[in-house]
Amino acid sequence: MTLLLDDITLTYPDGDGRLTALDRVGLRVPAGGLTAVVGPSGSGKSSLLAVAATLVTPDSGRVVIDGTEATALTRTESAELRRRAIGIVFQQPNLLPSLTALEQLQVMAHLEGRKPREVRDRARELLDAVDLSAQSHRRPHQLSGGQRQRVNIARALINEPRVLLVDEPTSALDHERGAAVLDLLRNLTQERRTATVLVTHDRDHLTVADEVQEMRDGAIVAIDAPAVSSPCGD
Ligand SMILES: Nc1ncnc2c1ncn2[C@@H]1O[C@H](COP(=O)(O)OP(=O)(O)OP(=O)(O)O)[C@@H](O)[C@H]1O
């Protein structure tokens, strides 16, 4: 299993007591699988994503990423695992205003110490995969909202992550452009064999998922596996 969250409990300080944001939550996502997490505001979706991203350490439970138990690592080791194995797509594409689409990707790969030629080839290949080859020289203000979000997705994939975590990727887009971004995520998940988690408010988005997890008050209350064949064998 590429992403495994096992019996995760997370609490935050809340006045004199603690607020339970995640209550013994489990999640298993195989390579090439896309799991959608839905639920009302405050139900714990972002907390779940933050724990899966190793950005927040749970009170108890295990996070295992591609066979490595993230919850047993030091902070430095966990940052290294995050850089190497996890791609994160935030709600708003936080692109650097002065860089072209191609440079947004190149700068991420350079940080990983990859060779310049390898970096350029991979950045071009990914822009092609998200259908933005013709816009590679444009800066963020010269791109549409949907195009910016596609750059954001390509950037998250530049270091070939095993796990892709996506937070409300269509919130700034109209229905049609949102649907195109979701189809893209579906295809990239299968082609690149990432274990993908998609957090969404919108039930229309669930058709792209292999599995749907519904959250209420920090707990998973329903699991729905749409009647599609499992994309993976691990
Ligand atoms: N840093 C924090 N400190 C204290 N409480 C927090 C913190 N972050 C989130 N919470 C609380 O934890 C619970 C879960 O929040 P979370 O952001 O995970 O929900 P969500 O489902 O992502 O909500 P939304 O859809 O509105 O983004 C909420 O009750 C929230 O108020």
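User: What makes a residue count as part of the shell around the ligand, and which residues are around it?

Analyst: The residues around the ligand are Tyr12, Leu19, Ala21, Gly39, Ser41, Gly42, Ser43, Gly44, Lys45, Ser46 and Ser47. Each has its C-beta atom, placed from the backbone, within 6 Å of the ligand. Helices are DSSP runs (H or I, at least four residues), strands are runs of E (at least two), and both are numbered from the N terminus. This is a predicted model, where local features need pLDDT of at least 70, side-chain atom pairs count only at pLDDT 80 or more, and totals for chains, interfaces and linings use all residues. Residues are numbered from 1 along each chain as its sequence is written.

User: Which element gives the most to the shell around the ligand?

Analyst: α1, with three residues.

User: Why is α1 called largely enclosed?

Analyst: Six of its eight residues are buried, so the rest of the structure largely encloses α1. Buried means 20 or more other C-beta atoms within 10 Å of the residue's own; exposed means 12 or fewer, partly exposed in between, with C-beta atoms placed from the backbone. The buried residues of α1 are Lys45, Ser47, Leu48, Leu49, Val51 and Ala52.

User: What does Ala52 touch, beyond residues up to four places away in sequence?

Analyst: Leu3, Leu5, Val63, Leu165 and Val197. Contact means C-beta atoms, placed from the backbone, within 7 Å. Ala52 is also among the residues touching the most other members of the largest nonpolar core, which has 62 residues. Such a core is a set of buried Ala, Val, Leu, Ile, Met, Phe, Trp, Tyr and Cys residues joined through C-beta atoms within 7 Å.

User: Why is the chain called as compact as a globular protein of its length?

Analyst: The chain has six helices and 10 strands. Its radius of gyration is 18 Å, close to the 17 Å from the globule rule for 234 residues, so the description holds. The radius is taken over C-alpha atoms; the rule is 2.2 Å times the number of residues to the power 0.38.

Technical notes. Two residues are in contact if their C-beta atoms, placed from the backbone, lie within 7 Å.
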